[in-house]
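Hi,

Here is the structure I promised to pass on. Have a look at it first, and then read my notes below.

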Amino acid sequence: MQNIYHEIFQAKKANKKLLAILLDPDKVDLKNIKSLVSKIKQSPATHIFIGGSLVLNNSIDQIILELKKEISLPVLLFPGNPSQISNEAHGILFLSLLSGRNPDFLIEHQVKAAPILKKSNLEIISTGYILIESGNKTAVASVSKTIPLPRHNAEIAVDTALAGEFLGNKLIYLEAGSGAKLQVPLETISLVAKNISIPLIVGGGITNFDGIHEAFLAGADLVVIGTAFENNPNFFTNFNL
């Protein structure tokens with residue numbers, strides 16, 4: 001599978017909305033993987049993201065292989081650190097945490113990952129990752145030891161996203177965080193979407209269909225659902241893009 005980014009960019013140009021299911025390897029039970037695969041196949045998902053702030057097991061390869069047996073969707077790594085790289089995936093969101101000033105997540109993890117990725121067959125998609133305050137301290141804020149951008153100052157998010165685009169990022173990812181109380185403000189999504197020319201991903205804190213549709217209407221090109229699907233594998237019943 002090639003040109004995943006090209007397909008995402010073309011979808012943006014055509015105003016075709018995309019949806020990713022985010023799987024945390026620590027929360028995937030391989031004994032029940034067939035049931036999980038069945039639920040994903042019944043969903044309107046266009047992509048599968050896999051990864052997390054903390055991944056304590058070593059089952060990423062096996063999970064991806066099981067998914068690929070039955071599902072033809074692109075599988076993209078969404079790694080918290082270089083240990084989560086798997087050559088079994090189709091591609092990787094090569095993240096830089098633009099909203100923080102912790103050098104480990106701005107560049108150090110990327111330096112460590114570079115020689116691994118050089119030897120891989122993964123499609124590498126440079127992604128500017130921006131954490132927005134969400135009403136509680138999320139795992140990504142704790143692990144990265146960074147402070148999210150304020151939720152009531154959209155201009156900071158816009159300037160940060162623009163800086164990411166000017167630096168060469170191919171995607172901007174606005175994130176409230178796994179298990180966030182509040183999703184990214186619609187005003188922030190809208191202003192960022194209007195000011196950048198690259199695809200915009202939005203995730204975190206979206207718990208229902210209205211939240212998905214509102215994010216799309218505000219300007220998100222791809223919405224990510226993780227915790228809501230994790231808590232209820234039937235989440236996408238009767239939902240259409």
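Let me start with the strand pairing: E1 is joined by four bridges to strand E8 (residues 222-225), and the two run parallel. Keep in mind throughout that this is a predicted model. Within that pairing, Leu19 sits opposite Val223 in E8. E1 also has four bridges to E2, again in parallel. There, Ile21 has Ile48 of E2 as its bridge partner. Going from E1 to E2, the chain passes through H2, and this β-α-β crossover is right-handed.

Now for the annotated positions. An unreviewed UniProt entry lists Asp24 and Ser53 under "binding site". The two are spread over 30 residues of sequence, yet they cluster in space, with a largest C-alpha distance of 8.8 Å. Both Asp24 and Ser53 belong to the lining of the largest pocket.

Asp24 is in the loop between strand E1 (18-23) and helix H2 (33-42). Is Asp24 buried or exposed? Its relative accessible area is 15%, so Asp24 counts as buried. Setting aside residues up to four places away in sequence, Asp24 touches Gly51, Leu54, Val55 and Glu230.

Ser53 is in the loop between strand E2 (47-50) and helix H3 (60-70). With a relative accessibility of 22%, Ser53 is classed as partly exposed, because the buried class stops at under 20%. Beyond its neighbours within four places in sequence, Ser53 is in contact with Gly80, Gln84, Ala139, Val140 and Val143. For one of these there is an atom-level detail: the Ser53 side chain reaches the backbone nitrogen of Val140 at 3.4 Å.

Ala176 is in the loop between strand E6 (171-175) and H7, and at 2% relative accessibility Ala176 is buried. Among the residues Ala176 touches, not counting those up to four places away in sequence, are Leu131, Ile132, Ser134, Thr138, Gly203, Gly204 and Gly205. Ser178 is also in the loop between E6 and H7, but Ser178 is partly exposed, with a relative accessible area of 46%.

Last stop is Ala193, in helix H7 (residues 186-195). Ala193 is buried, at 17% relative accessible area. Ala193 and Ala220 are 27 residues apart in sequence, and their C-alpha atoms are 6.9 Å apart in space. Leaving out neighbours within four places in sequence, Ala193 is in contact with Leu200, Ala218 and Gly219.

Cheers

Technical notes
Residues numbered from 1 in each chain as written. Predicted model: local features only at pLDDT ≥ 70, side-chain atom pairs only at ≥ 80, totals over all residues. Heavy atoms only, no water. UniProt positions renumbered as here; feature names shortened; annotations may be inferred. 1 Å grid on protein atoms, 1.4 Å probe; cavity = no way out; pocket = protein on both sides within 12 Å on 5 of 7 lines; lining within 4 Å. Buried < 20%, exposed > 50% of the residue type's maximum accessible area, 1.4 Å probe, protein only. Contact = heavy atoms within 4.5 Å. Polar contact = N/O pair within 3.5 Å; in protein donor to acceptor, adjacent residues only side chain to side chain. Pairing = 2+ DSSP bridges. Right-handed = clockwise from strand over helix to strand, strands pointing away.
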